[in-house]
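Here is a short report on side chains and their partners. Look at the structure first, then read on.

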Amino acid sequence: MEEIRLHFQRFAEEEMLERAQVFRAHMVQRRTVRAFHERPIPPSVLEDALRVAASAPSGANRQPWRFVVIEDSHIKRRIRVAAEKEEREFYSTRAPDDWLEALEPLGTDANKPFLTEAPVLIAIFLERFGIDCEGNRVKNYYMTESVGIATGFLISALHHAGLATLTHTPSPMRFLNEILNRPSRERPFLLLVVGYPKDNATVPAIERLPFQTVVTKV
Ligand code: IYR
């Protein structure tokens with residue numbers, strides 16, 4: 001394997017502390033938003049964020065993520081209709097009581113107006129296996145971890161640039177393959193709703209777990 005020189009930027013300690021603190025202060029402000037303004041977003045901000053996502057680490061560098069950007073209002077409408085159909089099933093029949101109880105504080109229901117109101121939807125697909133130039137299957141590794149990390153990069157990059165997101169997971173979401181014309185080897189991972197929050201948008205008054213609960217030093 002050919003190797004190239006690593007470009008590692010080492011900061012002076014004072015600058016490290018400052019960067020970590022500034023990043024933390026902004027990242028912990030991120031909230032999942034469920035009411036979106038129709039205002040369009042700058043295309044280059046979206047592209048920059050997608051390039052950040054596509055730079056994520058992945059199992060054996062297979063990069064098993066595919067991002068489908070949806071701005072067309074007819075496609076958004078079709079996605080909303082299909083998602084709400086699944087969600088009605090979920091909320092009325094499929095969801096066990098404990099799950100509905102866990103969702104109660106979030107106030108979610110089967111109506112998904114954000115799917116047509118937000119300027120951009122990004123359907124994120126997980127490539128279950130690749131295809132080489134001779135048409136043979138190529139195995140991917142740690143797909144869920146890899147696509148999850150890339151999605152985290154994407155959400156962070158969009159937040160960093162001043163945009164809001166909603167990680168939406170209508171289930172099942174196979175309808176996304178049909179509407180977006182994706183091959184069956186790509187499994188829908190999640191639908192990321194992107195835009196500005198509606199004026200006066202509210203979010204649930206929920207809190208993060210205590211730091212000591214989620215971080216243990218041994
Ligand atoms: N997918 C449904 C239900 C839902 C599930 C979880 I876990 C959430 O954190 C929020 C919602 C929906 O989008 O309404």
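**Aromatic rings**

F90 is buried, because its relative accessible area is 10%, and buried means under 20%. Keep in mind that this is a predicted model. Y91 is buried as well. F90 also forms an aromatic pair with W99. That pair is edge-to-face, with 4.8 Å from centre to centre and 85 degrees between the planes. W99 is partly exposed, with a relative accessible area of 44%.

How many aromatic pairs are there? The count comes to two. In one of them, the rings of F90 and Y91 have centres 5.0 Å apart. Their planes stand at 85 degrees, so this pair is edge-to-face. A distance between centres and an angle between planes are what describe a pair of aromatic rings. Through ring pairs, F90, Y91 and W99 are linked into a cluster.

**Salt bridges**

Now turn to charge. Side chains of opposite charge can pair when their charged atoms come close. The structure holds nine salt bridges. The table gives some of them.

| Salt bridge | Distance, N to O |
|---|---|
| R51 and E47 | 2.8 Å |
| R66 and E127 | 3.2 Å |
| K198 and E117 | 3.3 Å |

Start with R51 and E47. Where do they lie? Both are in helix α2, which covers residues 43–53. They sit four residues apart, about one turn of the helix. R51 is exposed, with a relative accessible area of 57%. E47 has 41% relative accessibility and counts as partly exposed.

Next comes the salt bridge between R66 and E127. R66 lies in strand β1, residues 65–70, and E127 lies in strand β2, residues 120–127. The pair therefore ties together parts that are 61 residues apart in sequence. R66 counts as partly exposed, at 28% relative accessibility. Is E127 buried or exposed? E127 counts as buried, at 6% relative accessibility. R66 and E127 also belong to a network of salt bridges, in which they are linked with R185.

The last pair in the table is K198 and E117. This pair links distant parts of the chain, 81 residues apart. K198 is in the loop between β6 (186–195) and α8 (211–214), while E117 is in helix α5. K198 counts as partly exposed, at 37% relative accessibility. E117 counts as partly exposed too, at 21%. Buried means under 20%, so E117 at 21% does not count as buried.

**A charged patch**

Which residues gather in a patch of negative charge on the surface? They are D97, D98, E101 and E104. E104 lies in the loop between α4 (97–103) and α5 (114–117). E104 is exposed, with a relative accessible area of 60%. Exposed means over 50%, so E104 at 60% qualifies.

How values were computed
Residues numbered from 1 in each chain as written. Predicted model: local features only at pLDDT ≥ 70, side-chain atom pairs only at ≥ 80, totals over all residues. Heavy atoms only, no water. Patch = residues over 30% accessible without salt bridge, like charges linked within 9 Å, V, L, I, M, F, W, Y side chains within 5 Å. Areas by Shrake-Rupley, 256 points an atom, 1.4 Å probe, with all protein chains shown as cover. Salt bridge = Lys/Arg side-chain N within 4 Å of Asp/Glu carboxyl O. Lys, Arg positive; Asp, Glu negative; His and termini not counted. Charge placed at Lys NZ, Arg CZ, Asp CG, Glu CD. Helix = DSSP H or I, 4+ residues; strand = E, 2+ residues; numbered from the N terminus. Buried < 20%, exposed > 50% of the residue type's maximum accessible area, 1.4 Å probe, protein only. Phe/Tyr/Trp six-rings, centres within 6.5 Å; stacked < 30°, edge-to-face > 60°.
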